[in-house]
Amino acid sequence: MMTGIWILLLVLASVGCTQAGEGTDRATTVLVFKHGKLSGDGRVLSELLREFEQRHPSVIVREELLPADSDRQHQYYAMNLDGGKAPFDLLGIDTIWAQEFAKAGWIAPLDEILTPAEREDFFPGPIEAATFQGRLHAVPWYVDAGVLYYRRDLLDRHGFEPPRTWLELVRIAKLVLDAEQDSKLAGFVWQGKQYEGLMCVALEVLRSNGTDLWVGDRDRAEYGLRFLRETIATHGITPLSTSMADEESTRWMFGEGHALFMRNWPYAWSLLQQEGSPVRGKVGVVPLPAFSGFTSAPVLGGWMLAMPNSSTHQEVVGELISFLTSPDTQRRIAMELGYNPVRRALYTDQSLLELRPLLKDLYPILLGAKPRPVTPYYLLLSQAVQPEISAVVVGRKSPKEALDVIRRRVDQIMGEQISTTERH
Ligand code: GLC
């Protein structure tokens, strides 16, 4: 019995990814598509892949999911791409990894899939992030920028407009919490766990105070970090649990009606609006606040599609990337999953805007969002900085101590790597 199973496994393994199609003499190509779990209805992407298969009868696309957490996905990819024999043909990558993966020679150039003329319609930030030494190494799939969600019903009830400055946010949150006397209601939730999401929040707060984490005015940087800590420790508008929170846990909390303000990416919108959601029809979205005298500074995020250099099915993977990033697929992903298209023409597409009117407000926010440093060393840098910010958030280090370490470490890591343009 055991021997039989082993023989079967050996036969399957030797057939590898190209199998003889049953009942036909055509070879069947199996493509493995690895990507992080998308929020919302997973069937949407599966249906799209079945559609691709119908158009390519000799191809089967097998989805393999990774956890949504960006850092955990990075760890998996770095391990599996490093040997030169990745067990997948297509991968979803965070916008911050393209430089690193391209420099390491892990992902193939994709210039033919998206010609320079076609790139014109894409948001420029993601295209820049995907271009390494003049060659496109990934095709942007959807684009993200940090935004502020607020409970419109609660602000209306207490006569407030959404805040434009961080201090206004604090003031409004305190007044609404006092007036509501609802022990379950938090004022402001954000992503405070030690991971990439926290980097984004810290960058948004510091940049909206006219500085940055590793460069720029020291006092204003300390002030920004202190602000994050104080939302928890001094103002009492942010629950301590935020120091463990990621996108999904904050989305759940806000979605259950337990928060007045939330920093998150735009994907949360359609989930908050879906049937049965306790906050359906009660939510608004505005640009993130800034400190007075400065402007809102959302971080540019988003995901791309890339192909390992080792894939033996480069041509058909290229077709799959074109299909998944085509205007039609982008429209469907935006309508059915609420992810923001990377193609700008879709932001004036009436049929899409009717269903997703928010896209109109998001357009300028996405266009103005500021990238994290576009460098192959970004992850090194982020991983050195994350524990320091986290230590401030939980009150283990002062902003001054943390910034001392951050600036010293980043200088060590980057040396001359962060070019002058990236510094500004
Ligand atoms: C979102 C963004 C991504 C960012 C991540 C951080 O997925 O699209 O760019 O790195 O959040 O948690």
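Predicted model: local features only at pLDDT ≥ 70, side-chain atom pairs only at ≥ 80, totals over all residues.
**The chain as a whole**

The chain contains 19 helices and 12 strands. Along the principal axes, its C-alpha trace spans about 70 × 55 × 50 Å. The radius of gyration is 23 Å, which agrees with the value near 22 Å that a compact globule of 424 residues would have.

**Two domains**

Domain 1 is built from two stretches, 28-143 and 301-368, while domain 2 covers 147-297. Their C-alpha centres lie 29 Å apart. The contact draws 15 residues from domain 1 and 13 residues from domain 2.

How much area do domain 1 and domain 2 bury between them? The answer is about 1100 Å², with 69% of it on carbon and sulfur atoms. On the domain 1 side, Ser39, Leu358 and Ile365 lose the most area to domain 2, and together they account for 35% of what that side buries.

**What crosses the interface**

Looking at the side of domain 1 that touches domain 2, the elements that give two or more residues are α3 (70-81) and α16 (358-368). Helix α16 supplies the largest share of that side, 3 residues. By residue class, this side of domain 1 divides into 6 nonpolar, 6 polar and 3 charged residues.

**Salt bridges**

The structure holds 25 salt bridges.

| Salt bridge | Distance between N and O |
|---|---|
| Asp69 and Lys193 | 3.1 Å |
| Arg332 and Glu51 | 2.9 Å |

Which helices hold Arg332 and Glu51? Arg332 lies in helix α14 (residues 327-337) and Glu51 in helix α2 (residues 43-55), so this pair ties together parts that are 281 residues apart in sequence.

For the other pair in the table, you can look for Asp69 and Lys193 in the structure above, where their closest N and O atoms are 3.1 Å apart.

Technical notes:
Residues numbered from 1 in each chain as written. Heavy atoms only, no water. Domains from an automatic or database assignment. Contact = heavy atoms within 4.5 Å. Buried area = accessible area lost by both parts, 1.4 Å probe. Salt bridge = Lys/Arg side-chain N within 4 Å of Asp/Glu carboxyl O. Helix = DSSP H or I, 4+ residues; strand = E, 2+ residues; numbered from the N terminus. Nonpolar A, V, L, I, M, F, W, Y, C, P; charged D, E, K, R; others polar. Rg over C-alpha atoms; globule rule 2.2 N^0.38 Å.
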